[in-house]
Amino acid sequence: MIIRLSAAIAAVSLLSGVALAQDAKPTDPQIAHIAYTAGLIDIAAAKQALSKASNKDVKTFAQDMVRDHEAVNKQALDLVKKLNVTPEDNDTSKTLSKNAADKLAELAKLNGAAFDKAYVANEVAYHKAVDSALEKTLIPSANNAELKSLLQTGLKIFQGHEQHAEHVAAELK
Amino acid sequence: MKPGRILPIIAVLMLGVSVSAQAATIQLSMENLEIMPAEASAKVGDTIEWINKDVFAHTATARNGDFDVMLPPKKTGTLVVTTAGTFEYYCRFHPNMKATLTVAP
C-alpha cells in the first residue's frame, strides 16, 4: 500500500508539474526539452532497475525501456538538429527531474521483491502521467508538424509501455 | 509448328502450374506502432512477412502461444503458417499493437 501510495503521489506531483506548463502554453523548444527529459528519466530508472531488480520479467522490461527510450530520444535529437531548434529548459522539465531524482533515491533504499514491485508500480504511474501530459498539453501545444508527429509516436510508445508495465505488475502479485 | 516454338509453350504451362501450387507470401507492415492491415488472411502453407518500419523492436506474438516472431528495428520477420484458425496476436513490448490473422485450410 505504501508503494501504491507513493506511486500515486509521484503521478500527482508529475501532473501538477505539467499543469504549470498548461497555464502558459509551452513553446516547441520547451516541449522538445520536456519530451527528451521524460525519456532520460525513464532510462535512468531502467538502469537502476537493471542493477537492482531480481525478477527476470522486471529486468527484461527495464531493458525494453532503455532500448525504446534511447530510440525515441535519438529521433528527437535528430529532429531538433534538423529543425535547428535548441531545446529549452523550463519549469516542467525541472519538476520532472526533481521528482525523478527523489524517486531514484527512494527506490535505491529497497531491495529484492520490494524493489521490483516499487519500480514497476512507479513505471505504471509514470507512464500514465506522461501519457496524460502528452495528450492534454504537449501534443496540442506543438506547432511544428514533425514535432507533433514524433510526440504522437511517443504517446503510442508510452501507452504500450504502460500496458506492458501493468502486465508485469500483475505477474508480480 | 517448329520444335523451337513448343518449348516456350511447355515452359509457360509448367510455370502456370508451379505458380498455382506455390504458397503465397503475405506482407504486413508495422509502422508508428500500428500493424497494417490489422486483419489479414492467409492459407495453410503461406508465409507471413512482417516488415518492421519502426526504429523500435516489435514482436508478432500469438495470444494462444502458437507463434512469437521477433522483429528487430527496420527488419523483417517471417512465419510459415501451418495451422488453420483465427489468431489474435500482439506486440509483447507494446501490447497496444494488436491484429488478427485468419488462416484458411
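**Briefing: a predicted model with chains A and B**

A:Asn84 lies in the loop that joins α3 (56-83) to α4 (91-108) in chain A, where helices (H or I, at least four residues) and strands (E, at least two) are DSSP runs numbered from the N terminus. This is a predicted model, in which local features need pLDDT of at least 70 and side-chain atom pairs count only at pLDDT 80 or more, while totals for chains, interfaces and linings use all residues. Residues are numbered from 1 along each chain as its sequence is written, and chains are lettered from A and ligands numbered from 1 in the order in which they are written.

**Backbone features in loops**

- Most residues other than glycine have a negative phi, and most peptide bonds are trans.
- A:Asn84 has a positive phi of about 60°, although it is not a glycine.
- A:Asn84 counts as exposed because it has 6 C-beta neighbours inside 10 Å; a residue is buried if 20 or more other C-beta atoms, placed from the backbone, lie within 10 Å of its own, exposed if 12 or fewer, and partly exposed in between.
- B:Asn32, which is not a glycine either, has a positive phi of about 50°, and its place is in the loop between β1 (25-31) and β2 of chain B.
- B:Asn32 has 15 C-beta neighbours inside 10 Å and therefore counts as partly exposed.
- The peptide bond that leads from B:Met36 to B:Pro37 is cis, with omega near -10°, and B:Pro37 belongs to the loop between β2 (34-36) and β3 (39-43) of chain B.

**Helix α5 of chain A**

- The 30 residues of α5 (residues 112-141) should span 44 Å at 1.5 Å a residue, which agrees with the 41 Å between its end C-alpha atoms; the expected span is 1.5 Å times one less than the number of residues.
- A kink of about 45° in α5(A) is centred on A:Leu134, the bend at a residue being the angle between axes fitted to the seven residues ending there and the seven starting there.

**Where the chains touch**

- In chain A, 13 residues are in contact with 11 residues of chain B, contact being defined by C-beta atoms, placed from the backbone, that lie within 7 Å.
- On the side of chain A that touches chain B, α3 and α6 (145-172) are the elements that give two or more residues, and α6(A) provides the largest share, eight residues.

**Chain B as a whole**

- Chain B has one helix and nine strands, and, of its 105 residues, 26% count as buried.

Methods. Contact = placed C-beta atoms within 7 Å.
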